[in-house]
Amino acid sequence: RRLTGDWNTDESVPLPDRIAANVGRIIEHAAAPSDSWLIYRLAHASSDPGLHAAVERFEDAVIESIALNRLGTTDPPPLVRIAIRGYLAFFATTLDEARARSIPPTTLLPLVNETLAAALHAAAEGDRPAQGASSPTDP
């Protein structure tokens with residue numbers, strides 16, 4: 001909850017401002033790193049099923065917020081949900097690596113924002129059946 005407590009999904013706030021605020025909040029936690037960030041990262045790496053369930057609930061809330069901001073829905077299609085979950089792993093690793101190398105996290109903003117946009121675009125394209133394409137089960 002501390003990581004996403006004031007996550008902004010208010011449509012009256014321009015999307016770039018919402019994204020900057022939301023990403024900035026996570027960057028603050030990762031840069032310190034805060035106890036909340038460390039717990040999230042350790043829980044993510046744990047083999048404990050209870051911790052994995054907690055991480056999944058947290059990530060589901062983040063996925064719903066990202067989807068609401070970017071797509072206007074809290075229930076994205078499965079491929080989009082997978083893409084956002086993969087992006088979250090990329091984002092977390094990128095922030096940890098930047099901290100370890102003393103790279104200011106704000107320099108990562110173009111990288112993480114463009115990566116999310118590309119992942120969402122690719123997932124949306126993958127959710128659309130190709131014209132004239134057969135399914136893998138067609139003879």
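**View 1. Helix H1 passes helix H4 in a right-handed crossing.** A crossing is called right-handed if the near helix is turned clockwise from the far one by less than a right angle, and left-handed if anticlockwise. The structure is a predicted model, in which local features need pLDDT of at least 70 and side-chain atom pairs count only at pLDDT 80 or more, while totals for chains, interfaces and linings use all residues. Residues are numbered from 1 along each chain as its sequence is written, and side-chain values use heavy atoms, with hydrogens and water left out. Helices are DSSP runs (H or I, at least four residues), numbered from the N terminus.

**View 2. The packing of H1 (residues 15-31) against H4 (residues 78-100) is at an angle of about 50°, with the axes 9 Å apart.** The axes are lines fitted to C-alpha atoms over the stretch in contact, and angles run from 0 to 180 degrees between N-to-C directions. This angle makes H1 oblique to H4, given that angles under 35 degrees count as roughly parallel, over 145 as roughly antiparallel, 65 to 115 as roughly perpendicular and the rest as oblique. From H1, the residues Val23, Ile26, Ile27, Ala30 and Ala31 meet Phe91, Leu95 and Arg99 of H4, where contact means heavy atoms within 4.5 Å. Sorted by class, this contact has seven nonpolar, no polar and one charged residues (Ala, Val, Leu, Ile, Met, Phe, Trp, Tyr, Cys and Pro count as nonpolar, Asp, Glu, Lys and Arg as charged, and the others, Gly among them, as polar).

**View 3. His29, placed in helix H1, counts as buried because its relative accessibility is 13%.** Buried means under 20% relative accessible area, calculated with a 1.4 Å probe on protein chains only. The side chain of His29 makes a polar contact with the side chain of Ser34, at 2.6 Å; such a contact is a pair of N or O atoms within 3.5 Å, of which, within protein, one must be able to donate a hydrogen and the other to accept it, and residues adjacent in sequence count only if both atoms are side-chain atoms.

**View 4. Ile63 lies in helix H3 (residues 49-71) and, at 0% relative accessibility, counts as buried.** Apart from neighbours within four places in sequence, Ile63 is in contact with Pro76, Arg81, Ile84, Arg85 and Leu88. The C-alpha atoms of Ile63 and Ile82, which are 19 residues apart along the chain, are separated by 9.2 Å.

Note on methods:
Helix = DSSP H or I, 4+ residues; strand = E, 2+ residues; numbered from the N terminus. Buried < 20%, exposed > 50% of the residue type's maximum accessible area, 1.4 Å probe, protein only.
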